[in-house]
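Please walk through this structure by way of its helices and the contact between its chains.

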There are 2 protein chains.
Amino acid sequence: MNRIRVADGQIFAFSPNLQPVAASGPGEVFEVECQDSCGGQIRTEADLLSKIDLDHVNGATGPVEIVGALPGDTLRVRVLDLRVGKVGYMGIEPKLGVLGDRVTAAKTRILPVRGGFARFSQDVRLPVQPHIGTIGVATAGETLSTFYPGDHGGNLDTREIRAGNTLYLPVFQPGAMLAMGDVHALMADGEVCVTGIEIDGVVRLRTDLLPEVHLKRPVVETRGAWIVLASAPDLDAAARLATSDAVDLLARGRGMDWEDAYMLASLVCDLRISQDVDPHRTCKMIIPKEYLPRLPGMAAPARTRRPTRAAPRRGRR
Amino acid sequence: MNRIRVADGQIFAFSPNLQPVAASGPGEVFEVECQDSCGGQIRTEADLLSKIDLDHVNGATGPVEIVGALPGDTLRVRVLDLRVGKVGYMGIEPKLGVLGDRVTAAKTRILPVRGGFARFSQDVRLPVQPHIGTIGVATAGETLSTFYPGDHGGNLDTREIRAGNTLYLPVFQPGAMLAMGDVHALMADGEVCVTGIEIDGVVRLRTDLLPEVHLKRPVVETRGAWIVLASAPDLDAAARLATSDAVDLLARGRGMDWEDAYMLASLVCDLRISQDVDPHRTCKMIIPKEYLPRLPGMAAPARTRRPTRAAPRRGRR
């Protein structure tokens, strides 16, 4: 299986012009090694968020060219597996996080992770639920540090981007240029203190291209729902975008009047918060599949197309 | 059983000086009849939100004096039962709701409710989950229309305020002065279109006083969690307040350093949205009971005290 290592390449900004360090054909299974969000700068409780180089956080391994991806396509990323390392960290820091104004001094905690549990303290062991914090593609035009979430993905900090679920990203540039990092062993909605359990990990994934599906922003598919993600400078703006996208999907996907979809969303689609701590905030709206079995344009089975470079080894399809 | 009817009294603002229309002793079971949020002004799909008197929405039946309640107490309201009427409505209106700027004309839908389901359309039947939209007590000082949520409760539009769950409200004035209305048969987190299924209903409840518990704002208890509610002019401010309160409760309740409680909350306490459409927004932070078995001050069993007026009929305790 193809495996992309941190040493192969890492980016600290998503931009329109990314040079691939590897390539993958649609349908191929590959693995990506991810550093923790601080790239290993925090090893002990004496290593504080205040002392690290904040210009080099959220390094994303890649980018990986998805062979044949063209602007306007949707890139489907199935997260098949996510294995995390043996030790993670958390940190707080004045001015960071939802309560940054109440934090008087930086503090770091080191959390051993073993057997599916993280040890927070002597008496608190937490079952882990690893997810990918930062994952995205080349942007339409802007250059955004990997600390930012956006329409291209990036630092979405959405805990549903985990093994067993599927992420859909709009493709803005040829080859998509997928990169990822910033794995968390655990995080609640909001990520209020500014970190989850930050840890390194290895993601196994498979991508497909959906040329007939057109998205403005990332969507996560779980077994039971579509989770529409939107990021903006504040929660209010992010909530509005997520709601607007979800209502549009519901209206188009069900062939309903927009007004009726808006009312139905008010009854069955939860508007929630992915994270409230990154430079832009991310909200999510959850559309249960019983009201939207598939995304608009998705009725036709996914097809791989335009493979212009041979994929070295093909995984199961 | 004591039953308070709309005709007994209804308020359209929560203020410090409310005159009771009934009284209930702690531990007593009583029922409160609630009008829908528009007080029956919307009966057909020709009745639009734009045509009703918006100064008389969310009429709250009561207030009920809780005998013996003193400022600084916590009022515990166990919602024992909530039965809704046979027909509800939803409405949208330009400028109202998360997507008010996309609404070009007001629209009303009438939804029959029968056998636990609401009929949204020919092909969409929705299982109802009734909750109380507006419930609160006399305020500390300000006068707020019943359209507003706040520290006193009010238009919290939090779907967990439902039968089987318990609401805790800070008491600001002698007798607490509990009033409620604005029942919904169903609503998702966010209530994005500005209404749930608005309907009349009858609430059965029992109150207790917890003099040793001190809350700044409302908290809901479910079987598995404490849900800390906070309302503010925008989502960002509401999210910050809810997080701050929840971290304080976690720190005090567990005897943890505040910094550690802040980090633990980032891992296990979901920060979510109750409603994003009322004049002030309401966020909630969910503290699983495994990390906080009881609210600080709650260790001692609840006691009734200072009964200064005889309760006419006592329910089960």
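In α1(B), 16 of the 20 residues are buried, so the helix is mostly covered; a residue is buried if 20 or more other C-beta atoms, placed from the backbone, lie within 10 Å of its own. The model is predicted: local features need pLDDT of at least 70 and side-chain atom pairs count only at pLDDT 80 or more, while totals for chains, interfaces and linings use all residues. Residues are numbered from 1 along each chain as its sequence is written, and chains are lettered from A and ligands numbered from 1 in the order in which they are written.

Helix α1 of chain B covers residues 235-254 and reaches 28 Å from its first C-alpha to its last, close to the 28 Å expected at 1.5 Å a residue (1.5 Å times one less than the number of residues). Helices are DSSP runs of H or I with at least four residues, and strands are runs of E with at least two, numbered from the N terminus. Gly255(B), with a positive phi near 65 degrees, follows α1(B).

The contact between the chains takes 42 residues from chain B and 42 residues from chain A, where contact means C-beta atoms, placed from the backbone, within 7 Å. On the side of chain B that touches chain A, α2(B) gives the most, with eight residues.

In chain A, helix α1 (residues 235-254) and helix α2 (residues 258-268) pack at about 120 degrees, with their axes 8 Å apart.

Notes. Buried ≥ 20, exposed ≤ 12 C-beta atoms within 10 Å, placed from the backbone. Contact = placed C-beta atoms within 7 Å. Axes fitted to C-alpha atoms, helices over the stretch in contact; angles between N-to-C directions.
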